Amino acid sequence: MSLRADQRDYKQAFTKHLHAYNNWGSTGSDSSKRLILAYCVECGLKCAIMKQEHLNMVSEAQEPVSDALNSHDFRKMLKILKQVGVYTFPRIKTTYLQYVEPHNYHEFCRYCIKPENECMGAVRQYDEILEAIAKWIKEHI
């Protein structure tokens with residue numbers, strides 16, 4: 001069972017994670033910095049959905065909103081917010097020849113999985129896209 005978090009908690013998590021990301025500096029792990037950004041965006045999208053749907057808790061949601069709120073999938077959450085076409089995520093291939101998608105990007109960061117060398121540009125694109133989403137969220141919650 002997941003811990004309970006309400007709309008206020010998601011907003012606070014978004015704000016704190018964004019602050020940490022923006023003040024990370026040039027030291028430390030790039031994967032850890034990306035993970036903070038991924039969780040920042042995830043929390044912000046969940047807050048935005050809950051605000052849009054007039055929900056205080058995830059448990060109040062009905063399908064397909066509950067499915068999106070119970071996932072890590074940026075694309076599902078953006079779809080609920082009618083923003084899915086605005087942001088396009090590139091495919092990142094790992095050194096294990098697996099592909100990173102919006103639903104498992106957090107695992108790519110959390111486990112510090114290495115991308116194929118030719119995919120470093122796609123990794124940087126993800127950073128830019130998630131930063132743009134964070135900016136959009138900040139304007140809407």
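The structure holds five aromatic pairs, a pair being two rings of Phe, Tyr or Trp (its six-membered ring) with centres within 6.5 Å; planes under 30 degrees apart count as stacked, over 60 as edge-to-face and the rest as tilted. The model is a predicted one, in which local features need pLDDT of at least 70 and side-chain atom pairs count only at pLDDT 80 or more, while totals for chains, interfaces and linings use all residues. Residues are numbered from 1 along each chain as its sequence is written, and side-chain values use heavy atoms, with hydrogens and water left out.

One of the pairs is formed by Phe74 and Phe89, which are stacked at 5.9 Å centre to centre with 20° between the planes. This pair links distant parts of the chain, as Phe74 belongs to helix H4 (residues 74-80) and Phe89 to the loop between H4 and strand E1 (92-93), 15 residues apart. Helices (H or I, at least four residues) and strands (E, at least two) are DSSP runs, numbered from the N terminus. Phe89 also pairs with Tyr126 in a tilted arrangement, with 5.3 Å centre to centre and 40° between the planes. Tyr126 lies in helix H6 (residues 120-140) and Phe89 in the loop between H4 and E1, so the pair ties together parts that are 37 residues apart in sequence.

Phe74 and Phe89 are both buried, where buried means under 20% relative accessible area, exposed over 50% and partly exposed in between (1.4 Å probe, protein chains only). The relative accessible area of Phe89 is 8%, and Tyr126 is buried at 0%. Phe74, Phe89, Tyr105, Phe108 and Tyr126 form one aromatic cluster.

Two charged side chains lie over ring faces: Lys33 over Tyr21, at 5.1 Å from the ring centre, and Arg91 over Tyr99, at 3.7 Å from the ring centre. The criterion places NZ of Lys or CZ of Arg within 6 Å of the ring centre and within 35 degrees of the ring normal.

Asn104, in the loop between strand E2 (99-100) and helix H5 (105-110), is buried at 17% relative accessibility, and its side chain reaches the backbone nitrogen of Glu101 at 2.6 Å. The peptide bond from Glu63 to Pro64 is cis, with omega near -5°; Pro64 is located in the loop between helix H2 (30-52) and helix H3 (65-69). His54, also found in the loop between H2 and H3, has a positive phi of about 60° although it is not a glycine, and is exposed at 72% relative accessible area.

Methods. A polar contact is a pair of N or O atoms within 3.5 Å; within protein, one must be able to donate a hydrogen and the other to accept it, and residues adjacent in sequence count only if both atoms are side-chain atoms.
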